Amino acid sequence: MKPSPGRRRLDRIAIGLSLAGFAMLLIPMRQDPGLQVVFNLAHVPGFALLALLWAEDLLARDWPRGRRLAVVASCGLLMAAATEGLQMLVPGRYADLGDMLRNVLGIALGMGVHGLWPGLLASRIGRD
């Protein structure tokens, strides 16, 4: 069965933003305390958006709710851990437990929004 144009659009958005987010977390940074607060806070909405997009993409594929949420949580945690670990190799970046916790909070928020309003994005972005 060929995926609908709307579902392919949702796929592209989810994959594109995931790759962009991953890349942004690996960009070398200079130490600036004022900017650091902004970057730290950006983890929550960034990971929330990714988790919501992933869950909506899987909903558009008719995945059952439990499987959808388990996959999103697992992939989100793997991405969060991978980026924090890889940051040790990037100049001006370092692995931070606080960032990891903010990532997890973002994943939980994105999954919570999806749990309360499943189809929130899939019904809009995923339209044919």
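## A salt bridge to start with

Let's begin at Asp 96, which is partly exposed, with a relative accessible area of 22%. The model you are looking at is a predicted one, so please read every value here as computed from that prediction. Asp 96 has a partner: Arg 102 forms a salt bridge with it, and the closest N and O atoms are 3.4 Å apart. How exposed is Arg 102? Its relative accessibility is 21%, so Arg 102 counts as partly exposed, because that label covers values between the 20% limit for buried and the 50% limit for exposed.

How many salt bridges does a search of the whole structure find? The search turns up four. One of them joins Arg 61 to Asp 11, with 2.8 Å between the closest N and O atoms. This pair links distant parts of the chain: Asp 11 belongs to helix α1, Arg 61 to the loop between α2 and α3, and the two are 50 residues apart.

Arg 61 also forms a salt bridge with Asp 57, where the closest N and O atoms are 3.8 Å apart. Asp 11, Asp 57 and Arg 61 are therefore linked in a network of salt bridges. Is Arg 61 buried, exposed or partly exposed? With a relative accessible area of 33%, Arg 61 is partly exposed. Its two partners are labelled buried: Asp 11 has a relative accessible area of 12%, and Asp 57 has one of 10%.

## Around the loop between α2 and α3

Now find Asp 62, which is also placed in the loop between α2 and α3.

Next, look at Trp 63 and Arg 67. The charged end of Arg 67 sits over the ring of Trp 63, at 4.0 Å from the centre of that ring. How many aromatic pairs does the structure hold? The count is zero.

## The nonpolar core

The largest nonpolar core has 21 residues. Which of them touch the most other members? They are Phe 47, Trp 54, Val 72 and Met 111. Each of the helices α1 (5-24), α2 (33-60), α3, α4 and α5 (122-125) supplies at least two residues of this core. Helix α2 gives the most, with eight residues.

Leu 49 and Ala 14 are 35 residues apart in sequence, while their C-alpha atoms are 9.2 Å apart in space. For Leu 52 and Val 38, the separation is 14 residues along the chain and 22 Å between the C-alpha atoms.

## Two methionines in loops

Met 29 has its place in the loop between α1 and α2. Is Met 29 buried or exposed? Its relative accessible area is 18%, so Met 29 is buried. Between the C-alpha atoms of Met 29 and Ile 13 there are 26 Å, and the two residues are 16 apart along the chain.

Met 88 is found in the loop between α3 (65-86) and α4 (97-116). With 59% relative accessibility, Met 88 counts as exposed, because exposed means over 50%. Together with Leu 86 and Leu 89, Met 88 forms a nonpolar patch on the surface. The accessible area of these three residues together is about 340 Å².

Conventions:
Residues numbered from 1 in each chain as written. Predicted model: local features only at pLDDT ≥ 70, side-chain atom pairs only at ≥ 80, totals over all residues. Heavy atoms only, no water. Phe/Tyr/Trp six-rings, centres within 6.5 Å; stacked < 30°, edge-to-face > 60°. Lys NZ or Arg CZ within 6 Å of the ring centre and 35° of its normal. Patch = residues over 30% accessible without salt bridge, like charges linked within 9 Å, V, L, I, M, F, W, Y side chains within 5 Å. Areas by Shrake-Rupley, 256 points an atom, 1.4 Å probe, with all protein chains shown as cover. Salt bridge = Lys/Arg side-chain N within 4 Å of Asp/Glu carboxyl O. Helix = DSSP H or I, 4+ residues; strand = E, 2+ residues; numbered from the N terminus. Buried < 20%, exposed > 50% of the residue type's maximum accessible area, 1.4 Å probe, protein only. Core = buried A, V, L, I, M, F, W, Y, C linked by side-chain atoms within 4.5 Å.
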